[in-house]
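Please consider the following model and the contacts made by its side chains.

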Amino acid sequence: RLDQPEKAAQEIEGLIDAFPNKISYYQRLASIYQSNGMIDEAEGVYKEMLNQDPDNAEVHLGLAELYNQQGKEKKAQEELKEAFDSDQLAIDVKVRFLYNNFLRQQRVSESRMAFGTELARFITKHHPEEAKAHALLGDFLYNRNLTKEAEAAYEEALKYNQDIFAVWQQLLFIHASKSHYQELAKRSDQVIELFPNQPIGFYFNGLAKNQLKQYEEAIEVLQTGVAITVDNPSLKSQMYASLAEAYHYQEKHQQSDEYFEKALEIDPDDATTLNNFAYYLSVRGEKLDRAEKLSQRSLDLGGQNPSFLDTYGWIQYKKGNYKQAAEYIKK
């Protein structure tokens with residue numbers, strides 16, 4: 001604390017002389033050297049520790065950190081493999097390390113994420129019945145867009161613990177992204193039963209029921225979801241938009257329009273909601289000036305999205321502007 005690291009090191013060396021088999025004193029010495037930029041000295045201590053205990057996972061972890069400080073990525077990775085492919089290191093230490101150094105970092109390269117995935121697989125190897133190990137592997141695979149493998153890892157996590165909401169949520173995102181609406185309906189039903197206070201389950205259930213043309217059920221579940229959504233305006237907006245969809249397909253156009261307006265009150269720049277509202281108005285041939293403004297805004301936000309261009313072209317056709325309609329349909 002007096003900023004005298006050399007003297008501090010001397011005191012720890014005295015302890016090591018007195019108790020040469022106590023590894024924790026070596027770790028303290030290495031930490032003093034490392035935190036004060038005395039890299040060579042720190043490396044020497046770590047190597048002495050490995051001479052005494054070559055399988056010590058925490059020593060390998062410390063060496064990895066030291067090599068990272070020096071920019072020696074390959075050597076750091078070798079030490080991390082030694083640490084993670086070990087039963088000595090507690091699972092919570094491993095999980096925390098990977099989250100902090102990989103998943104919570106911004107702009108991590110694919111090669112580095114691939115290495116993190118390899119380390120995560122070591123955790124599932126040594127802790128095969130720990131849900132958090134499989135959930136962590138799933139997060140790595142999901143971040144790398146390996147959704148099929150991620151889904152399998154999340155399912156494995158649920159075999160050992162069904163109470164991890166984040167795992168269920170990731171599964172819902174995967175099924176929605178793949179348009180697996182039967183599975184999405186089934187899984188979101190389970191989420192609603194297990195986590196009745198989590199609105200995301202109601203949202204995905206309503207989304208799935210809409211796609212399965214079960215509109216009455218979709219409306220019921222979405223209304224419940226809206227009622228329990230308090231601090232998430234974006235999600236509430238999405239639920240209003242889904243309610244608008246359900247009412248549209250039931251040809252209850254007044255209710256549909258009301259819910260589209262509610263969605264846009266919360267999020268006036270949701271390009272998909274703008275486009276869908278505009279399209280439904282144009283199909284009915286109603287409020288075409290309003291539809292045109294909505295569609296133009298969706299184009300401003302969504303660029304050359306083919307669906308948005310099609311909607312704008314269709315509105316121009318309904319207004320009798322055939323030349324402009326043809327231009328956008330061709331686009």
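The questions and answers below concern salt bridges, aromatic rings and a surface patch in this predicted model.

Q: How many salt bridges does a search of the whole structure find?
A: A salt bridge requires a side-chain nitrogen of Lys or Arg within 4 Å of a carboxyl oxygen of Asp or Glu. A search of the whole structure with this rule gives a count of 21.

Q: Which residue meets Arg144 in a salt bridge?
A: Arg144 lies in the loop between helix H8 and helix H9, and its partner is in helix H7, 34 residues apart. Arg144 is partly exposed, at 22% relative accessibility. The N to O distance of the pair is 2.8 Å, and the partner is Glu110.

Q: Is Arg187 buried or exposed?
A: Arg187 forms a salt bridge with Glu183, with 3.6 Å between the closest N and O atoms. Both residues lie in helix H11, four residues apart, about one turn of the helix. Buried means under 20% relative accessible area. Because the value for Arg187 is 11%, this residue is buried.

Q: Which helix holds Asp289, the salt-bridge partner of Lys319?
A: The side chains of Lys319 and Asp289 meet at 2.8 Å, N to O. Lys319 is partly exposed at 30% relative accessible area, while Asp289 counts as exposed at 52%. The pair links distant parts of the chain, 30 residues apart: Lys319 is in the loop between H18 and H19, and Asp289 is in helix H17.

Q: Over which ring does the charged end of Arg112 sit?
A: A charge over a ring is also found for Lys331, whose charged end is 4.7 Å from the centre of the Tyr328 ring. For Arg112, the distance to the ring centre is 4.1 Å, and the ring is that of Phe102.

Q: How many aromatic pairs does the count come to?
A: Rings of Phe, Tyr and Trp pair if their centres lie within 6.5 Å. One aromatic cluster is formed by Tyr215, Tyr249, Phe260, Phe277, Tyr279 and Tyr280. By the pairing rule, the number of aromatic pairs is 17.

Q: What is the accessible area of the nonpolar surface patch that includes Val283?
A: Helix H16 and helix H18 each give two or more residues to the patch. Val283 lies in helix H16 and is partly exposed, at 40% relative accessible area. Residues qualify for a patch only with over 30% relative accessible area and no salt bridge. Together, Tyr279, Val283, Trp314, Tyr317 and Tyr322 have an accessible area of about 490 Å².

Notes: Residues numbered from 1 in each chain as written. Predicted model: local features only at pLDDT ≥ 70, side-chain atom pairs only at ≥ 80, totals over all residues. Heavy atoms only, no water. Patch = residues over 30% accessible without salt bridge, like charges linked within 9 Å, V, L, I, M, F, W, Y side chains within 5 Å. Areas by Shrake-Rupley, 256 points an atom, 1.4 Å probe, with all protein chains shown as cover. Buried < 20%, exposed > 50% of the residue type's maximum accessible area, 1.4 Å probe, protein only. Phe/Tyr/Trp six-rings, centres within 6.5 Å; stacked < 30°, edge-to-face > 60°. Lys NZ or Arg CZ within 6 Å of the ring centre and 35° of its normal.
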